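Please read the following briefing alongside the coordinates. It takes up charged pairs, then overall architecture, surface and aromatic contacts.

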Amino acid sequence: MTGEIDKKDKDESRKIAIALISLVLVAVIGALLLLPALGEIVSVHFSPGLGMRDAAVISFFITIALLIVFAISSGDGLLGELQFMLGGFFAFFVIIWLMIAWVF
């Protein structure tokens, strides 16, 4: 009785594995076929804009203002949270910088 249940489970898991492998294979083939079109889409949508240098300056001042607001509203002061403020600064700066350069 348990041998029959094990055999059904093995067959079912084998079918699921084959389906997943074929799905991944189809996704990889589709990605390879879309690669030239993806390059064109990236070049069209990322080329115009404000520019990386101007976006970096704007992002720097936005990030400084944002982190000053965070430091004031946190209440503990700047000294105890300095390591988190530095990590947050770099994360916010990069995200805001790239979003400004991409959107504008």
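Two salt bridges are counted in this predicted model, where a salt bridge is a side-chain nitrogen of Lys or Arg within 4 Å of a carboxyl oxygen of Asp or Glu. Because the model is predicted, local features need pLDDT of at least 70 and side-chain atom pairs count only at pLDDT 80 or more, whereas totals for chains, interfaces and linings use all residues. Residues are numbered from 1 along each chain as its sequence is written, and side-chain values use heavy atoms, with hydrogens and water left out.

**Salt bridges**

- The side chains of Lys8 and Glu4 form a salt bridge with an N to O distance of 4.0 Å, and both residues belong to helix α1, four residues apart, which is about one turn of the helix.
- Lys8 is exposed, with a relative accessible area of 54%, and Glu4 is likewise exposed, with a relative accessible area of 54%; here buried means under 20% relative accessible area, exposed over 50% and partly exposed in between, with a 1.4 Å probe and protein chains only.
- The other salt bridge joins the side chains of Arg14 and Asp11 at 3.4 Å, N to O, and these two residues also lie in helix α1, three residues apart, about one turn of the helix.
- Asp11 counts as partly exposed, at 32% relative accessibility.

**Overall architecture**

- The chain has three helices and zero strands, in the order α-α-α from the N terminus on; helices (H or I, at least four residues) and strands (E, at least two) are DSSP runs, numbered from the N terminus.
- Of the 104 residues of the chain, 12% count as buried.
- Among the contacts with a separation of 6 or more, 79% are between residues 24 or more positions apart, a contact being heavy atoms within 4.5 Å.

**Surface**

- The chain exposes about 8,500 Å², of which carbon and sulfur atoms supply 77%; accessible areas come from the Shrake-Rupley method with a 1.4 Å probe, and for residues only the protein chains shown count as cover.
- A nonpolar patch on the surface is formed by Val24, Val28, Leu32, Leu35, Leu38 and Val42, which together have about 540 Å² of accessible area.
- Patches are made of residues with over 30% relative accessible area and no salt bridge, like charges being joined within 9 Å and nonpolar side chains (Val, Leu, Ile, Met, Phe, Trp, Tyr) within 5 Å.
- Val28, one of the residues of this patch, is found in helix α1, which spans residues 2–46, and counts as partly exposed at 43% relative accessibility.

- Ser59 lies in helix α2, residues 52–74, and is buried, with a relative accessible area of 0%.
- Leaving aside neighbours within four places in sequence, Ser59 is in contact with Phe93, Ile96, Trp97 and Ile100.
- A polar atom of the Ser59 side chain lies 3.0 Å from the backbone oxygen of Phe93; a polar contact is a pair of N or O atoms within 3.5 Å, where within protein one must be able to donate a hydrogen and the other to accept it, and residues adjacent in sequence count only if both atoms are side-chain atoms.
- Thr63 is also found in helix α2 and counts as buried at 0% relative accessibility, and, not counting residues up to four places away in sequence, Thr63 touches Phe89, Phe92, Phe93 and Ile96.
- Phe70, in helix α2 as well, counts as partly exposed at 38% relative accessibility.
- Phe70 and Met85 are 15 residues apart in sequence and 8.8 Å apart in space, C-alpha to C-alpha.

**Aromatic pairs**

- The structure holds five aromatic pairs; rings of Phe, Tyr and Trp (its six-membered ring) pair if their centres lie within 6.5 Å, and planes under 30 degrees apart count as stacked, over 60 as edge-to-face and the rest as tilted.
- One of these pairs is formed by Phe89 and Phe90, which are edge-to-face, at 5.3 Å centre to centre with 75 degrees between the planes.
- Ring pairs link Phe60, Phe61, Phe89, Phe90, Phe93 and Trp97 into a cluster.
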